[in-house]
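Open the model in your viewer and keep the selection tool at hand. Each stop tells you what to select and what is there.

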Amino acid sequence: MSNILSALPQVLVDGLTLGAIYAVVALGYTMVYGILELINFAHGEIFMSGAFIGTGLLLSLGVFGIAMPAWITLILILLLTALLTGLLGIGIERLAYRPLRKAPRLIPLISAIGISFILQDLVRFFAEFKTGNYIVTGTTLFEGKVTIPFSSIIGTFHNATIKNNTLILIGITIIIMILLDIFVNRTKWGTAMRAVAQDQETAALMSINVNKVISLTFFIGSAIGGATGFLFAQQYATIDPYIGFILGLKAFTAAVLGGIGNIRGAMFGGLILGVLEVFAAANLSTITGGVIGSEYKDVFAFTILILVLIFKPEGLFGKSVKEKV
Amino acid sequence: MGYNSLLELKQVSAYYDQIQALHDLSLHVDQGEIVTLVGSNGAGKSTTLKAISGQVKTTGTILFQQKDITKLPPHETAKLGVAHVPEGRRIFPRLTVKENLEMGAFQLKDKKEIQNQMELVFQYFPRIKERLNQQGGTMSGGEQQMLAIGRALMSKPSILLLDEPSMGLAPIIVEQIFEIIEELNQTGMTILLVEQNAYQALSVAHRGYVVQTGNIILADDAKALLENKQVTEAYLA
């Protein structure tokens, strides 16, 4: 018990880091679902593409010998990665989903899975073509770490260490989430997005171009997912074309946990899932006396998900959906 | 036929997938008129409005302010000044009343203009002003209908298409809604009104069309239609 408690600060730090990634990626799922009732299974691969695009940009800066202060490089790469993955998202919607909008729901879902494979293979091809290996290790912009002296606050806690990269990741993802929340709730186009999610036909009667709003939704969801991919690459150093699959699945889980279609729900769902997972990884073997090891962390996290869905099927923050009259 | 009609439909047919819902229907609405389409359920009244705003596939010609709008999608039609209040009100349930109104004014760029338009809506519907921060879906049916009309007015339209504004409302509320329709018309608004409540509709309208199985079977002044035996027997009984 005292082990669990003393490790808690580090668990929280690592859990929130992972959770922040889940949260931003979950936003992409939840926004698209809210508007089209489509599970965009390719979204995990957009995250992965962002990781590769960002890392690729960073490596080419090195190749061309362009040196800038690290934070300028970071911002530039984030913006460029966001722009490119945003356009990728728009393109995917145009090519793979829009022609199928009136088809039965299963069909665009299959199309989304197809896009996932295409993106995985494309990225693998380019990575191998450029570096000879599809597993890529990037350079890191920010070395160093900070120690937070939790032990001096409460004696039973151990200190937590945070990499500078982690601080940046948490900071930027929080900024992304705040900006998105303001955009969706306070701006004209954000309100139009919610209007389209609630009633497309009527939104069109208000002179809202529904296709434009859908493109915008894909752009934003993909841009923030892609940018987070680059932050992920910085955080964990090594990336491969398949990181999007499991991470996407978990981010989708986070979106469901928070109530799919609910933007704030996705944010909290992501953070909760991240903390649960890291907590399980750190403590499962202590709790069960070594019977169940940390490799069962996903089982633990998904068990929580199943329990939530049994008792609150609309998700933690979702409203129970009434049939439209 | 009005040569300078604000809105004119010439031999319009409309289709839902394979099913034809309108058969060469022609009508016109002049500036400043209230024109009503009456007829029984499924006659094609709502479809006529949907054809105008581009929600169904149509053939034939639809002219609005002399411009051919037959093939325009709904959001383009709306931009030209056609405000369609759909059947069942279709308030955005999880937007606030204020946000609903703002969406009505989506095409207006000037904040001042939007504010003015909102003040105008409050004059017609004082109750809306008291509920600005409430979610649209939590209002009563009558309030939602008022909001739906108010929302349509936000775009500064040249014509209002009203689809069954009295549907499901208590008689006293229906009375109020029709008073406002007349009031709007007196300040210059042109209105095309679809109603099952033929008596009410013909009482406020200048002219009326009787629609049956996707065709106009009778067109006359509203007063004359109210006294027409065929109409009274079929729709006013």
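## Stop 1: a helix and its cover

Begin with H7 of chain A. The cover over its buried residues includes helix H1 (2-36), helix H6 (164-186), H8 and helix H9 (210-236) of chain A, together with H3 of chain B. Keep in mind that this is a predicted model.

How many of the 11 residues of H7(A) are buried? Nine are, so the helix is largely enclosed by the rest of the structure. Select A:Gly190, A:Thr191, A:Ala192, A:Met193, A:Arg194, A:Ala195, A:Val196, A:Ala197 and A:Gln198 to see the buried residues in H7(A).

## Stop 2: where the chains touch

Now show both chains. On the chain A side, 14 residues are in contact with 20 residues of chain B. Helix H7 (188-198) and helix H8 (200-205) of chain A each supply at least two residues of the side that touches chain B. H7(A) gives the largest share of that side, five residues. Colour the side of chain A by class: six residues are nonpolar, five polar and three charged.

## Stop 3: the partner helix in chain B

Cross over to helix H3 (residues 97-104) of chain B. Seven of its eight residues are buried, so this helix too is largely enclosed by the rest of the structure. Pick out B:Val97, B:Glu99, B:Asn100, B:Leu101, B:Glu102, B:Met103 and B:Gly104, the buried residues of H3(B). They pack against H7 of chain A, and also against helix H4 (111-124), helix H5 (126-130) and helix H6 (141-153) of chain B.

Stay in helix H3 of chain B and select B:Glu102. Is B:Glu102 buried or exposed? B:Glu102 has 21 other C-beta atoms within 10 Å, and therefore counts as buried. Next, draw a distance from B:Glu102 to B:Glu8. The two are 94 residues apart along the chain, and their C-alpha atoms are separated by 29 Å.

## Stop 4

Select residues 7-236 of chain B. An unreviewed UniProt entry places the feature "domain: ABC transporter" there. The span is 40% helix and 28% strand, and its end C-alpha atoms lie 27 Å apart.

Within chain B, find the open sheet of six strands, in the order E6-E7-E8-E3-E9-E10, with mixed pairing. Strand E6 (82-85) and strand E10 (215-221) of chain B are the edge strands, each pairing on one side only. From one strand to the next, the twist averages 15°.

Zoom in on strand E8 (residues 190-195) of chain B. This strand is mostly covered, with six of its six residues buried. B:Thr190, B:Leu192 and B:Val194 point one way from E8(B), while B:Ile191, B:Leu193 and B:Glu195 point the other way.

Look at the neighbours of E8(B):

- Strand E3 (residues 34-38) of chain B pairs with E8(B) in the parallel sense over five bridges. Here B:Thr36 has B:Leu193 as its bridge partner.
- Strand E7 (residues 159-163) of chain B runs parallel to E8(B), joined by five bridges. Here B:Leu160 has B:Ile191 as its bridge partner.

Trace the chain from E7(B) through helix H7 (residues 171-186) of chain B to E8(B): this β-α-β crossover is right-handed.

Then step to strand E9 (residues 207-212) of chain B, which pairs with E3(B) in the parallel sense over four bridges. Look for B:Gly208 in E9(B), opposite B:Thr36.

## Stop 5: the four-stranded sheet

Move to the open sheet of four strands in chain B, ordered E2-E1-E4-E5, with antiparallel pairing. E2 and strand E5 (67-68) of chain B stand at its edges with a single partner strand each, so one side of each has no neighbour in the sheet. Strand E1 (residues 7-16) of chain B pairs with E2(B) in the antiparallel sense over seven bridges. B:Tyr15 stands opposite B:Gln20 in E2(B). Helix H1 (residues 45-53) of chain B packs on the sheet, touching E1, E2 and strand E4 (57-64) of chain B. The direction of this helix makes about 75° with that of E2(B).

Finish in strand E2 (residues 19-29) of chain B, at B:Leu25. B:Leu25 counts as buried because it has 24 C-beta neighbours inside 10 Å. Beyond residues up to four places away in sequence, B:Leu25 touches B:Leu9, B:Val12, B:Thr48, B:Gly214, B:Asn215 and B:Ile216.

Terms used: Residues numbered from 1 in each chain as written. Chains lettered and ligands numbered in written order. Predicted model: local features only at pLDDT ≥ 70, side-chain atom pairs only at ≥ 80, totals over all residues. Contact = placed C-beta atoms within 7 Å. Nonpolar A, V, L, I, M, F, W, Y, C, P; charged D, E, K, R; others polar. Buried ≥ 20, exposed ≤ 12 C-beta atoms within 10 Å, placed from the backbone. Pairing = 2+ DSSP bridges. Right-handed = clockwise from strand over helix to strand, strands pointing away. UniProt positions renumbered as here; feature names shortened; annotations may be inferred. Axes fitted to C-alpha atoms, helices over the stretch in contact; angles between N-to-C directions.
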